[in-house]
Amino acid sequence: MGYRPKVFASFPLGDVNTMFRLLGDLWEGAYYNVTGAVPGEPDADRILDIVLKYEPKLKGREGLALSGAVAMMATVEAMKRTGKNLTREGFLNSMESIKGWSPERLTPAITWARTAITG
């Protein structure tokens, strides 16, 4: 039929290489949001070189690898701020102390806050 709708995707579908591998030319022209650096940007490629050195199986899944790297960097940052007496409460307090932080320039400034989820 030739029907080619525009694809709009949220971040879970934002790994261009993975989605193209799954969908082929159906992914061509898709729009997706990503909240940080993407493969091909100098800061992202610098981190990807490190990640792929230690885990070459992530080749072809670079977008997801970058997301994982950012999550690991945030965890390490909070652990460093917590210090030697790591507790759940101390870790949460340390996360909340992170204000305007951008790990290796991979994301816009990040600020964490503890909030209650109701519903």
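Student: Which residues does Ala-44 touch, not counting residues up to four places away in sequence?
Tutor: A contact here means heavy atoms within 4.5 Å. By that rule Ala-44 touches Ala-37, Val-38, Pro-39, Leu-66 and Leu-106. Before we go on, note that this is a predicted model, where local features need pLDDT of at least 70 and side-chain atom pairs count only at pLDDT 80 or more, while totals for chains, interfaces and linings use all residues. Residues are numbered from 1 along each chain as its sequence is written, and side-chain values use heavy atoms, with hydrogens and water left out.

Student: How should I read confidence, and where is it lowest and highest?
Tutor: pLDDT is the predictor's confidence in each residue, from 0 to 100. Where it is low, the predicted coordinates should not be read in detail. The protein averages 84, and 88% of the residues score at least 70. Confidence is lowest in strand β1 (residues 8-9), at a mean of 66, and highest in α2, at 95. Helices (H or I, at least four residues) and strands (E, at least two) are DSSP runs, numbered from the N terminus.

Student: Which residues make up the largest nonpolar core?
Tutor: In soluble globular proteins, nonpolar side chains tend to be buried together. A nonpolar core is a set of buried Ala, Val, Leu, Ile, Met, Phe, Trp, Tyr and Cys residues joined through side-chain atoms within 4.5 Å. Buried means under 20% relative accessible area, exposed over 50%, and partly exposed in between (1.4 Å probe, protein chains only). Here the largest core has 10 residues: Ala-37, Ala-44, Ile-47, Leu-48, Val-51, Ala-65, Leu-66, Ala-69, Val-70 and Leu-106. The elements giving two or more residues to this core are α2 (42-54) and α3 (62-82). Apart from it lies another core of 6 residues, including Ala-74, Met-95, Ile-98 and Ile-110.

Student: How many aromatic pairs does the structure hold?
Tutor: A pair of aromatic rings is described by the distance of the centres and the angle of the planes. Rings of Phe, Tyr and Trp (its six-membered ring) pair if their centres lie within 6.5 Å; planes under 30 degrees apart count as stacked, over 60 as edge-to-face and the rest as tilted. The structure holds 1 such pair. Trp-101 and Trp-112 have ring centres 6.3 Å apart and planes at 45°, so the pair is tilted. Trp-101 is buried at 16% relative accessibility, whereas Trp-112 is partly exposed at 27%.
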